[in-house]
Amino acid sequence: MGWVPDLNLHRWDLSYAEARALQTTLARQVIQHGDLPEIRYVAGVDVGFEEKGSVTRAAVAVLAFPGLELLDYAVAKVPTQMPYIPGLLSFRECPAILAALSRLTVQPDLLFCDGQGIAHPRRFGVACHIGVLTGLPAIGVAKSRLCGKSAVLPEQKGARAELWDNNELIGNVVRSRTAVRPLYISIGHRISLNTAVHYVEACLTRYRLPETTRWADALASNRGQAVARANQILGR
DNA sequence: GCGACAG
DNA sequence: ATCTTGTCGC
């Protein structure tokens, strides 16, 4: 990651108890505010699995903002080291994600992570983890809820409700399209909740997920047509 | 002890 | 996440 001089790495071979303790410690490094300067490059990050789960495949797609044209993408595969355990997702996915980020040519100004940010039992979901380790502004864009409670959401696109847990505001539940399941948006790092929701909505077109996530999703799951289209656009 | 539980 | 075809509804 030549463009990230200060990667704050740590060990990944931890017991579950150690991993949870590390989350509690690192959560204090999350910066829960920040109004971003000029955002030119937004990136979607996602992970998929191969070989019955033994290989973790991460993909990062960088789009121009606000035009949303694909500018760059990178993929990385690493041996899967940890199973999926609710609350410890980042320990399973971060190694592959960091590897993919290191292969990027364009440095993103903002990362959209597939999963929670501080809307997490210890306020340290995958978006916080990636944000703190890279120092980049990050947003958690999850397709479902991990923890917290929110009011019933109107079916209309644009409907928005607060997500609360233990008397703390941890995120927003947002209807990105009429009559679809809502998105769970939370602070990842170096951004405020309102700014985070603003950028997610700015990356929406006609689908439930923002374009950043859609591209990362397609590339992480290695969908032939998506890879072909990406390579065509980028002339590869 | 009984649910809930990102991807 | 992943295994998988057609089908019901906005």
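Helices (H or I, at least four residues) and strands (E, at least two) are DSSP runs, numbered from the N terminus. The model shown is predicted: local features need pLDDT of at least 70, side-chain atom pairs count only at pLDDT 80 or more, and totals for chains, interfaces and linings use all residues. Residues are numbered from 1 along each chain as its sequence is written, chains are lettered from A and ligands numbered from 1 in the order in which they are written, and side-chain values use heavy atoms, with hydrogens and water left out.

View 1. Asp 165 belongs to strand S6 (residues 160-165). With a relative accessibility of 14%, Asp 165 counts as buried (under 20% relative accessible area; exposed is over 50% and partly exposed in between, for a 1.4 Å probe and protein chains only). Its side chain makes a polar contact with that of Arg 123 at 3.2 Å; such a contact is a pair of N or O atoms within 3.5 Å, and within protein one must be able to donate a hydrogen and the other to accept it, while residues adjacent in sequence count only if both atoms are side-chain atoms. Beyond neighbours within four places in sequence, Asp 165 is in contact (heavy atoms within 4.5 Å) with Arg 123, Cys 147, Gly 148 and Ile 170.

**View 2. The salt bridge between Arg 123 and Glu 168.** A salt bridge is a side-chain nitrogen of Lys or Arg within 4 Å of a carboxyl oxygen of Asp or Glu. Arg 123 and Glu 168 form one, with their closest N and O atoms 3.2 Å apart. The pair links distant parts of the chain, 45 residues apart: Arg 123 is in the loop between strand S4 (110-114) and helix H3 (126-134), and Glu 168 is in strand S7 (residues 168-174). Arg 123 is buried at 12% relative accessibility, whereas Glu 168, at 37%, is partly exposed.

**View 3. A salt-bridge network at Glu 50.** The structure holds 10 salt bridges, and a network of them links Glu 50, Arg 57 and Lys 77. The closest N and O atoms of Arg 57 and Glu 50 are 3.3 Å apart, and both of these residues are buried. Lys 77 meets Glu 50 at 3.5 Å, N to O. Since Lys 77 lies in strand S3 (residues 70-79) and Glu 50 in strand S1 (residues 41-50), this pair ties together parts that are 27 residues apart in sequence.

**View 4. Cysteines without disulfides.** The structure holds zero disulfides, defined as pairs of cysteine sulfur atoms within 2.5 Å. For Cys 113, the closest cysteine sulfur, in Cys 94, is 8.0 Å away, too far for a bond. Cys 128 is likewise in no disulfide, the sulfur of Cys 113 being its nearest at 8.9 Å. Cys 113 is buried at 2% relative accessibility, and Cys 128 is buried at 0%.

**View 5. Two nonpolar cores.** A nonpolar core is a set of buried Ala, Val, Leu, Ile, Met, Phe, Trp, Tyr and Cys residues joined through side-chain atoms within 4.5 Å. The largest has 45 residues, of which Leu 110, Phe 112, Ile 139 and Tyr 199 touch the most other members. Helix H4 (residues 193-202) supplies the largest share of this core, five residues. Apart from it lies another core, of 25 residues, including Val 47 and Leu 104.
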